[in-house]
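This report looks at how selected elements of secondary structure are arranged against one another. Please keep the sequence and the structure in view while reading.

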Amino acid sequence: MTRSDIRTRILNGLNESATSPVFWSTTQADQLIAEGSELLAEELQAIKRTAMVALRPGSTYYAVRGIADDLMVPYRVWSAGLNRRLTATTPSQLDDYHERWQTVTGEPEYWFPMGWDWFGIFPHAAAGGGTFRVDYLAWPRPLLDDSDEPEFLGADHDTLVLYGVYSGLLKRWDIQDAQYVFALFLEKIGKGKGRVGERTLQARAWQKTEGNNLGLRSSIVGDRFGNRPT
Amino acid sequence: MATVDAELDLVQERLHDNAAIWTRAELLTFFNDGYREFLAKTRAVVRIHLMDVPPRYAMTYCYEWEARHTFGGPSRMMMLPNYDATKRVTSLWEAEQNEGVTPTASYAGKTQEWERAYGNETDRQFVFALPANHDLILRVAWDDKRLHPVTVREYDETDDAWFRQAGEPWWWMLGTNRVRSIEIYEIVTTYTQSYAFLDYAEHGFARSCTGTRTWGLDSEVYANNYAYTTNGDNQHQNLDATPHLTGLGWRVTMQPNAPNQSYCCTYQWEVDRHNGDTLTNSSTAQTYWWEELHGGAHLEFGVGTMRSIISPDRQYWALNSGAATNNVLGGIRDMRSSTDAVEVTHAVIPDRQLGEPDAPDLLPEQAHKYLRYYCWMRAFGRQGPGQNGALAEHYRGRFEMGTQKFRTLANQTHQDVVLVRESHDGGGRGTPPRVRLPSNYPAVW
């Protein structure tokens, strides 16, 4: 759905004219779509981006604002020098590992959080040079015009419509109807999470359990010694 | 980043109120409360605070009423109440004197911790005051080494005069002092100041630095875009609606000090002549910075500042102070090192009230919607016209959703941690239960 399509559906849902709404301006409706997109991105964690960061000499800490302005949270940090994923750890674990870990230099092997807006790597580079790659969950980019489409899967576009209707009802102080629509919105988010989760699960390797008779109906089990039917 | 006034416009829009019921000032208060509440609940913003050893305070005081004038800055009550709190003392003998007891020899009294570097042994606690934005301590280190948290009781049961024990710091505690302070033991009395600002009052914030390490500066010291010669040029630039020249201008002439002199001189000897002084040698006249290449003086203008410092030895990490639009563009107001210093990693809250032109920039712009929810929660929850309990409760839930989400985001590695199951044998499950004896077990006295 384009932004125009979503806006039309929202205004229809609020019993407003899609072309010349009385209680809404086009800008306000677009703001609701933007806010709903932010919320959807936070909940579904579906928007992913990658940034490359240069290793600066002596630097342990990196500000996420200096990496990308749409960075919500990194989920993978990968060293280009080592061709290896950095292991997630905490400052507390590093304290246990090395008394003065902040002074240790070398090729980074670990990364750790420092609040939402910066993180650290260990060990830190002394000379600088080289890069690490940050894969991160992102907030959505602003939609540029009415023909622009949100990045979410098509089935999640309806969720944005629901959020817009819900916010419109709140603006009317119609809390009863708003709560009903909000419940639908949350339900859609649940399904959206499922879709995002399925994409993750597909990448995993699965195999049947090797346990004796485990999970099989008695009628298809070969014999009581666990031999499978041929 | 959206400023507070833009956010309050959105808040008013949904309240359908143009300050008739909820005044703008009231909504600003709600917004500030929400900002503080959001940061306190999520602990999403973590900062490092470094303190020289022995600690320094912005202010020390002697009477309770003086605390009113510390404005939440790092401060400490240095004198202690005595004689039904009608008198204040720094040394124990003073308490004896006040109460009519023959004074005995006691340790030295102090009014600033740095006095430890110059004076006799004292029995005062070794207290470090934290800044106004402090909320929760996550880690304390000295000289890059983690200190372990202990309690006063644990120390009391271990040693008799632990608070006078000099040596290397190993422990930190909340201690016996006021909020926003910690104590470090063992104590260090050698004075170590990491960096000292030179001519701060005269020249403003730092534009350069010197030291023993190897480093490189990234500094934008602006060059002049144009040169001008008289006050008339200046007035023309200021009064004209569309100035002919833009950027940084530099007046290349000098004016004599003697009265009734309106000359504009290009050489120092001309100034001397009009002032009636002895003529002095003058440097080459110039109009632009690049004329330095041709014998002109090196020009430095009072604008621009250090933007980054890179060193192979360690990181120079810029921390913004918060509470202003684009405050990361400001200058360096303070510079500290973790070497031989106390380093506190703590979750912070805003240290001042935002005004409408400010921006809550400790948070990403995407979090601003949760601050609006908080405003609506408070507005609809307030008794009087416009009160709507159901809406207030709904917005409270939305605000809480946001705090939970950001608490998770603040732990950035939560997406990347590999969890493993506990071992079958129960190893690593913590302390085994204590032995329980039957009630009829014979007691030995």
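## A strand and its partners in chain B

In this predicted model, strand S7 (residues 134–142) of chain B is joined to S16(B) by 7 bridges, and the two strands run antiparallel.

## Burial of S16(B)

Strand S16 spans residues 342–348 of chain B, and because 6 of its 7 residues are buried, S16(B) is largely enclosed by the rest of the structure.

## A helix crossing in chain A

In chain A, helix H2 (residues 26–44) and helix H4 (residues 157–171) have axes that come within 9 Å of each other and cross at roughly 120°. An angle over 145 degrees would count as roughly antiparallel and one of 65 to 115 as roughly perpendicular, so H2(A) is oblique to H4(A). The crossing in which H2(A) passes H4(A) is right-handed.

## Residues at the helix contact

On the H2(A) side, the contact is made by Ala29(A), Leu32(A), Ile33(A), Gly36(A), Ser37(A), Leu39(A) and Leu40(A), which meet Thr159(A), Leu160(A), Tyr163(A), Gly164(A) and Ser167(A) in H4(A). Sorted by class, the contact between H2(A) and H4(A) comprises 7 nonpolar and 5 polar residues, with no charged residues.

Terms used: Residues numbered from 1 in each chain as written. Chains lettered and ligands numbered in written order. Predicted model: local features only at pLDDT ≥ 70, side-chain atom pairs only at ≥ 80, totals over all residues. Axes fitted to C-alpha atoms, helices over the stretch in contact; angles between N-to-C directions. Helix = DSSP H or I, 4+ residues; strand = E, 2+ residues; numbered from the N terminus. Parallel < 35°, antiparallel > 145°, perpendicular 65-115°, else oblique. Left-handed = near helix turned anticlockwise from the far one by under 90°. Contact = placed C-beta atoms within 7 Å. Nonpolar A, V, L, I, M, F, W, Y, C, P; charged D, E, K, R; others polar. Buried ≥ 20, exposed ≤ 12 C-beta atoms within 10 Å, placed from the backbone. Pairing = 2+ DSSP bridges.
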